[in-house]
Amino acid sequence: TEYRYRGASPKNYVTFNNEVWRIIGIFPTDDGTGNIENRIKLIKDQFIGGKYWDISGTNNWARPATLNTELNTTYLNSLDSTSKSMIGNTKYYLGGYNNNKLQIQKDVMYQYERKINGSTYYNGSNPNNWIGEIALMYVSDYGYAASDACVQTLNNYDNATCINNNWLFKGNAEWILPQVASYSSSTFGVHSDGNVSYDRVSINPLGVRPVLYLTSSVRITGGDGTSSSPYTLGL
């Protein structure tokens, strides 16, 4: 069972690394060894800047891509020691879609990301997962963050109802993790109007919000999840 925050303004604010982050949800999470535990998934509330997904022009996150390297070295090392100790290795799924227009619903994309029901949307020999600490949100994370009032396909999330009822929409273009399987140079991004479509990984620098999974031993120790009283975390 997965638990997600949805809608326009859920109470999912949390203090992490002395910054404002948001809780995407709580998920059964594989640490890469086959050990699966319920873990909290976080996304930074604000962007860390505009960056290229991969300067060499390929959409293989596990190679590693340029952004993968930066997030798991320079950025990870910039976090305080307590915060770093709360992050656990995670199996991130790298499945994408075979068309640069996501004319599908969020639940279908969820299956493609995780290779459920035989879906095999990976470019060339790209692997279907990567094990590490920091990555980006999935297309399905963005899709599921909208309330049930949003019934559009992902490429039509620029619909006003979807924008106004999706707490993950920030009004700026940003990178997400899944690849465009039919184009080795492209992956998906959330665009400034709210729709999800492709972008060339080395052409345009887009916004980046790091995503990570806390270890299963991390607990909420205080706060009520509002922006004025974010949750606090402890081991």
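Predicted model: local features only at pLDDT ≥ 70, side-chain atom pairs only at ≥ 80, totals over all residues.
Trainee: Why is Asp30 called buried?

Mentor: Its relative accessible area is 11%. Buried means under 20%, so Asp30 qualifies.

Trainee: Where is Asp30 found, and which residues is Asp30 in contact with beyond its neighbours within four places in sequence?

Mentor: Asp30 is in strand E3, residues 19-30. Its contacts include Asn35, Arg39 and Tyr93.

Trainee: Is Asp148 buried or exposed, and how do you know that?

Mentor: Asp148 has a relative accessible area of 61%. Exposed means over 50%, so Asp148 is exposed. Asp148 is found in the loop between helix H4 (139-144) and helix H5 (160-164).

Trainee: What makes the pairing of the side chains of Asp148 and Arg6 a polar contact?

Mentor: They come to 3.0 Å. The limit is 3.5 Å, so the pair counts.

Trainee: What is the volume of the largest pocket, and which residues are closest to its centre?

Mentor: The volume is about 210 Å³. Of the 17 lining residues, Glu2, Pro28, Tyr93, Tyr110 and Arg114 are closest to the centre. E3 gives the most to the lining, with 4 residues.

Trainee: How do the lining residues of the largest pocket divide?

Mentor: There are 8 nonpolar, 2 polar and 7 charged.

Conventions
Residues numbered from 1 in each chain as written. Heavy atoms only, no water. Helix = DSSP H or I, 4+ residues; strand = E, 2+ residues; numbered from the N terminus. Buried < 20%, exposed > 50% of the residue type's maximum accessible area, 1.4 Å probe, protein only. Contact = heavy atoms within 4.5 Å. 1 Å grid on protein atoms, 1.4 Å probe; cavity = no way out; pocket = protein on both sides within 12 Å on 5 of 7 lines; lining within 4 Å. Points joined across faces, edges and corners; volume = space filled by probe spheres on them. Nonpolar A, V, L, I, M, F, W, Y, C, P; charged D, E, K, R; others polar. Polar contact = N/O pair within 3.5 Å; in protein donor to acceptor, adjacent residues only side chain to side chain.
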